[in-house]
Amino acid sequence: MLFQIFDAFKPRLHDSNSKVNQVALEAMHKMIPVLKDNLSPVINMLIPAIVDNNLNSKNPGIYAAATNVIQALCQHVDNSLLLQPFCTKAQFLSGKAKQDLTEKLA
């Protein structure tokens, strides 16, 4: 069930319409404290959708929302679940996104 929901939700996290993208990130930020470690089955799918383009976005609303989502993940999800996906993404990112994710890893 969780896979079906997030399979449908994931494309909104990098929608070409910036307003849709930002609202999806803000909704994700609200879902994380409720779902917590129950996100573990979908975390490897979610992190790339959250990080790709959003952490390097020139749109300040999208960047702030993505940063808030990453912060919420770090606060509410077991860090051992985040380590591998964060490391994998940090290897292939550039710019501010690479710096932000590397700081979270540290």
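In which hand does helix α3 pass helix α5, right-handed or left-handed? I would like to start there, and the answer is that α3 passes α5 in a right-handed crossing, where right-handed means that the near helix is turned clockwise from the far one by less than a right angle, and left-handed that it is turned anticlockwise.

Before going further, please keep in mind that this is a predicted model, in which local features need pLDDT of at least 70 and side-chain atom pairs count only at pLDDT 80 or more, while totals for chains, interfaces and linings use all residues. Residues are numbered from 1 along each chain as its sequence is written, and side-chain values use heavy atoms, with hydrogens and water left out.

Helix α3 covers residues 43-51 and helix α5 covers residues 79-92, and their axes come within 10 Å and cross at roughly 40 degrees. The helices are DSSP runs (H or I, at least four residues), numbered from the N terminus, and the axes are lines fitted to C-alpha atoms over the stretch in contact, with angles running from 0 to 180 degrees between N-to-C directions. That angle makes α3 oblique to α5, because angles under 35 degrees count as roughly parallel, over 145 as roughly antiparallel, 65 to 115 as roughly perpendicular, and the rest as oblique. On the α3 side the contact (heavy atoms within 4.5 Å) is made by Ile43, Asn44, Ile47, Pro48 and Val51, and on the α5 side by Leu81, Leu82, Pro85, Phe86 and Lys89. By class, this contact has 8 nonpolar, 1 polar and 1 charged residues, where Ala, Val, Leu, Ile, Met, Phe, Trp, Tyr, Cys and Pro count as nonpolar, Asp, Glu, Lys and Arg as charged, and the others, Gly among them, as polar.

Lys89 lies in α5 and Asp52 in the loop between α3 and α4, so the pair ties together parts that are 37 residues apart in sequence. Lys89 is buried, with a relative accessible area of 15%, whereas Asp52 is partly exposed at 28%; buried means under 20%, exposed over 50%, and partly exposed in between, with a 1.4 Å probe and protein chains only.

How many salt bridges does the count come to by this rule? It comes to 3. Another of them joins Lys96 and Asp100, with the closest N and O atoms 3.2 Å apart, and both residues lie in helix α6 (residues 95-105), 4 residues apart, about one turn of the helix. A further one joins the side chains of Arg12 and Asp15 at 3.1 Å, N to O.

Those last two residues lead us to Asn21 in helix α2, which touches both Arg12 and Asp15, as well as Leu13, His14, Asn54 and Ile62, not counting residues up to four places away in sequence. Asn21 counts as buried, at 6% relative accessibility.

Finally, helix α2 (residues 18-35) packs with helix α4 (residues 60-76) at an angle of about 15 degrees, with their axes 9 Å apart. The two are therefore roughly parallel to each other, and their crossing is left-handed.

Conventions: Salt bridge = Lys/Arg side-chain N within 4 Å of Asp/Glu carboxyl O.
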